[in-house]
Amino acid sequence: MMDFFQYLVRISPTLLQRASEHLAMTANAVGLALVVGVPLGVLIARRPWLSHWVLGLCNTIQTIPILAFVGMLIPLTGLGTTTAVITLFAYSLLPIIQNTCTGLKQVDSGIIEAARGMGMTRMQILRLVQLPLALPVMVTGIRIATVMTLGSASIMSLAGAGGLGQIIFTGISRVNDQMVLAGALPAALLAVLADVSLGWLEKKLTPRGVRLEPVRASRTAAALEQETAAAAS
């Protein structure tokens with residue numbers, strides 16, 4: 001174990017460089033997916049007939065092996081970061097679009113009617129009412145997309161994009177277990193940290209009343225049973 005830690009210290013400059021490449025790929029892909037996915041989620045929430053086509057296309061992309069997708073892109077975009085970001089972007093779209101649509105559909109119609117009664121336009125209702133209420137569900141989609149992308153980014157070294165996968169696959173080719181672990185452990189740690197951080201953000205963005213709703217419901221049911229028993233006696 002001590003030898004492994006000494007090895008990590010020795011390659012720490014390379015490790016930090018590859019980790020920064022890994023994070024940059026993920027941030028660019030998920031950021032682009034947000035720019036495209038959130039408007040598409042809003043669109044299919046308002047035009048349900050489009051959801052079959054949009055979600056169908058995203059589901060079809062998910063069925064393509066990621067290396068095959070990279071192979072299809074290389075003749076068009078060449079080796080490098082561009083191919084990696086486009087690939088990761090395509091695979092991170094589905095959870096963002098789906099959760100945006102789901103979050104918007106879960107907004108209470110009574111709240112929307114009240115906003116209309118106050119004279120709000122459709123854009124104001126979307127911006128000031130629907131999106132803030134749908135935000136916790138949307139963050140869940142971002143969380144799923146980020147963790148998936150961090151995991152898939154390791155494969156992008158095969159497309160010449162660097163990242164922690166570069167260390168992993170170099171270690172495999174050299175049959176060097178320490179090098180493989182030096183790349184795999186930080187990649188796994190980044191995914192866990194992203195999952196925990198976005199999970200915390202999701203919890204903070206969820207209104208306290210929504211979090212306590214099951215408790216309130218159980219208390220209401222218990223009170224109703226007590227009232228019924230008292231009336232019967």
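Helices are DSSP runs of H or I at least four residues long, numbered from the N terminus. The structure shown in all views is a predicted model.

**View A. Nonpolar surface patch including I172.** The patch consists of L67, L158, F169 and I172, which together present about 360 Å² of accessible area. Of these residues, I172 is located in helix α8.

**View B. The loop residue V175.** V175 sits in the loop that joins α8 (164-173) to α9 (177-205). Its phi angle is near 55°, a positive value in a residue that is not glycine. Exposed means over 50% relative accessible area; V175, at 71%, is therefore exposed.

**View C. The largest nonpolar core.** This core contains 34 residues, among which M25, I44, I97 and M156 touch the most other members. At least two core residues come from each of α2 (12-46), α3 (51-63), α4 (66-77), α5 (81-105) and α7 (122-152). Helix α5 makes the greatest contribution, with 11 residues. Apart from neighbours within four places in sequence, I97 is in contact with G37, L40, G41, I44, V54, L55 and C58. In soluble globular proteins, nonpolar side chains tend to be buried together.

**View D. The aromatic pair F69 and Y91.** The model contains 1 aromatic pair. The ring centres of F69 and Y91 are 5.5 Å apart and the ring planes stand at 80°, so the arrangement is edge-to-face. F69 belongs to helix α4 and Y91 to helix α5, and the pair links distant parts of the chain, 22 residues apart.

**View E. The salt bridge between R18 and E21.** The model has 4 salt bridges. One of them joins the side chains of R18 and E21, with an N to O distance of 3.0 Å. The two residues lie in helix α2, 3 residues apart, which is about one turn of the helix. E21 is partly exposed, at 22% relative accessibility.

**View F. A salt-bridge network at R143.** The side chain of R143 meets that of D195 at 2.7 Å, N to O. This pair connects helix α7, which holds R143, with helix α9, which holds D195, across 52 residues. R143 also forms a salt bridge with E202 at 3.0 Å, N to O. E202 is in helix α9 and R143 in helix α7, so this pair ties together parts 59 residues apart in sequence. Through shared partners, R143, D195 and E202 form one network. D195 is partly exposed at 28%, as is R143 at 24%, whereas E202, at 19%, counts as buried.

Methods. Residues numbered from 1 in each chain as written. Predicted model: local features only at pLDDT ≥ 70, side-chain atom pairs only at ≥ 80, totals over all residues. Heavy atoms only, no water. Core = buried A, V, L, I, M, F, W, Y, C linked by side-chain atoms within 4.5 Å. Buried < 20%, exposed > 50% of the residue type's maximum accessible area, 1.4 Å probe, protein only. Contact = heavy atoms within 4.5 Å. Phe/Tyr/Trp six-rings, centres within 6.5 Å; stacked < 30°, edge-to-face > 60°. Patch = residues over 30% accessible without salt bridge, like charges linked within 9 Å, V, L, I, M, F, W, Y side chains within 5 Å. Areas by Shrake-Rupley, 256 points an atom, 1.4 Å probe, with all protein chains shown as cover.
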